[in-house]
Amino acid sequence: MQKVILSLPIIGKFLSARPMLLRVVENISWLSLDKVIRMGVGLFVGVWVARYLGPAGYGMLNYAVAFVSLFSALATLGLDQIVVRELVHTPENEGKLVGTSFFLKLIGGILVLFLSTLTAFFIHKGDLKTILMIFFVSLGMVAQAFLAIDFFFQSKILSKYTVIAQNTAFFAVSFMKVFLILMKQSVEWFAIMSVFEAFIVGVFLVFFYNKKGGHISCWKFDIATAKKLLHDSWPLILSSVAITIYMRVDQVMIRNMLGEKEVGWYSAAVSLTEVFWIIPGMIMNSIFPVLVQSKKESEQLYYDRLQWSYVIMLLMGLSIGIIVAISSTQIVKILYGKEFSPTANILKIYVLATIIIFWGAPTSKWSVIENLQKLSFSRTMIAAFVNVLLNFFLIPIWQGFGAALATVFAQFVSAIGINLFDKRTKKVTLIMLKSFPLMFNFKKIFLFWKFK
């Protein structure tokens with residue numbers, strides 16, 4: 001990938017003199033390749049699955065995923081950014097950090113499997129089909145423990161290995177989903193695919209980790225390290241719970257208040273929108289190690305690069321949001337057909353959350369660097385409460401359209417609203433708001449030219 005970038009006229013010459021920027025661009029390029037491929041193939045296969053299962057079956061599948069996601073914070077444990085930060089600061093502790101992260105995530109995944117299945121058993125007594133689907137989806141959370149290896153690759157800005165692992169698994173599972181459609185299999189089989197995907201990713205991550213000189217045999221679970229990681233990450237765990245609530249509770253509430261078909265219509269809009277939501281995380285994960293290093297070098301350089309991040313994210317979010325909102329009717333008609341026509345109006349509103357998510361992405365990284373994870377917790381808890389409350393009142397009135405309105409408002413509260421009333425976020429909020437006029441200042445946008 002680096003050779004391809006350097007071979008480009010002008011750009012290659014410019015980047016060759018800036019090795020740090022070249023590494024960031026190369027990392028983003030690998031991640032972009034990953035996301036473009038996954039978005040394209042995933043959208044094609046996802047639409048095919050939706051058409052095959054119909055609104056009711058597609059709604060049941062997405063309900064199982066949404067239900068399990070309510071417990072998923074126990075599997076991720078908010079460790080991602082914390083472990084990457086520690087690996088950047090103390091690379092000599094790789095064995096303890098990656099090993100401890102793996103065992104913590106494994107324990108968390110087992111808890112998700114137990115709690116989600118047990119809860120489903122009590123809520124859906126007699127509905128064996130729904131309980132089995134929730135069991136299979138949650139089983140995939142156990143296998144995701146091997147994603148601890150990705151923390152190592154992120155800290156080294158070597159995400160191409162994670163990209164290859166995830167794409168290999170993704171293509172294998174996509175092929176299997178097409179096979180299931182052709183063989184006219186039931187919806188339960190599509191839930192099982194989450195287990196296979198997580199397992200394949202884990203196998204390839206181990207292979208690449210060994211190839212880069214890492215050894216699983218060097219991993220060790222260190223109680224002191226575990227306590228430190230969990231001490232720093234617990235606000236992010238609770239924040240993740242809150243995020244999941246206001247991102248997934250709408251599908252759970254729609255299913256219980258309206259039915260599976262309505263969940264299918266709503267989930268189609270969510271699927272079309274969320275393919276874009278991985279982009280800000282991809283970009284900010286690549287920039288995060290650079291921001292950490294910038295903080296060490298110069299406060300001014302640190303905030304300059306943070307400012308640039310907000311401007312770029314806002315530009316990208318606005319571009320995607322406006323295009324999708326204008327063409328929503330045509331998009332749904334072409335991809336899903338008449339059976340999903342109610343999805344178009346939902347999509348027009350739901351896609352507005354994309355703008356807010358892009359714009360607010362740098363704030364999460366800033367919070368970790370400044371060790372203000374508790375802010376993320378309070379911010380998202382309030383937003384989750386607002387979303388549940390609005391869903392309770394708006395879903396009976398406007399169905400999926402009302403749930404979309406609730407999500408957009410909750411995203412605004414989380415990304416912007418709460419920060420306006422906290423003294424600790426005053427500076428970063430001003431930087432965030434300043435990104436509006438700076439969208440038209442191309443000289444400011446290219447602050448990344450300062451990378452050396």
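Asn371 is placed in the loop between α17 (352–369) and α18 (373–417), where helices are DSSP runs (H or I, at least four residues) numbered from the N terminus. The model is predicted, so that local features need pLDDT of at least 70 and side-chain atom pairs count only at pLDDT 80 or more, while totals for chains, interfaces and linings use all residues. Residues are numbered from 1 along each chain as its sequence is written, and side-chain values use heavy atoms, with hydrogens and water left out.

Phi of Asn371 is near 55°, a positive value in a residue other than glycine. Asn371 is partly exposed, with a relative accessible area of 45%; buried denotes under 20% relative accessible area, exposed over 50%, and partly exposed the range in between (1.4 Å probe, protein chains only). Lys184 is exposed, with a relative accessible area of 68%.

The 23 residues of α9 should span 33 Å at 1.5 Å a residue, and the end C-alpha atoms of α9 are 33 Å apart, which agrees; the expected span is 1.5 Å times one less than the number of residues. Buried residues of α9 include Tyr161, Ala165, Phe170, Val173 and Ile181.

Helix α19 (residues 426–438) packs against α17 at an angle of about 155°, with the axes 11 Å apart. Axes are lines fitted to C-alpha atoms, for helices over the stretch in contact, and angles run from 0 to 180 degrees between N-to-C directions. This angle makes α17 roughly antiparallel to α19, given that angles under 35 degrees count as roughly parallel, over 145 as roughly antiparallel, 65 to 115 as roughly perpendicular and the rest as oblique. Contact (heavy atoms within 4.5 Å) is made by Trp359, Gly360, Thr363 and Trp366 of α17 with Val428, Met432, Leu433, Ser435 and Phe436 of α19. These residues comprise six nonpolar, three polar and no charged; Ala, Val, Leu, Ile, Met, Phe, Trp, Tyr, Cys and Pro count as nonpolar, Asp, Glu, Lys and Arg as charged, and the others, Gly among them, as polar.

The axes of helix α14 (residues 299–326) and α19 come within 8 Å and cross at roughly 50°, which makes α14 oblique to α19. Residues in this contact include Tyr303, Leu306 and Tyr310 of α14 and Lys427, Ile431 and Lys434 of α19. By class, the contact of α14 with α19 has ten nonpolar, two polar and two charged residues.

Methods: Helices (H or I, at least four residues) and strands (E, at least two) are DSSP runs, numbered from the N terminus.
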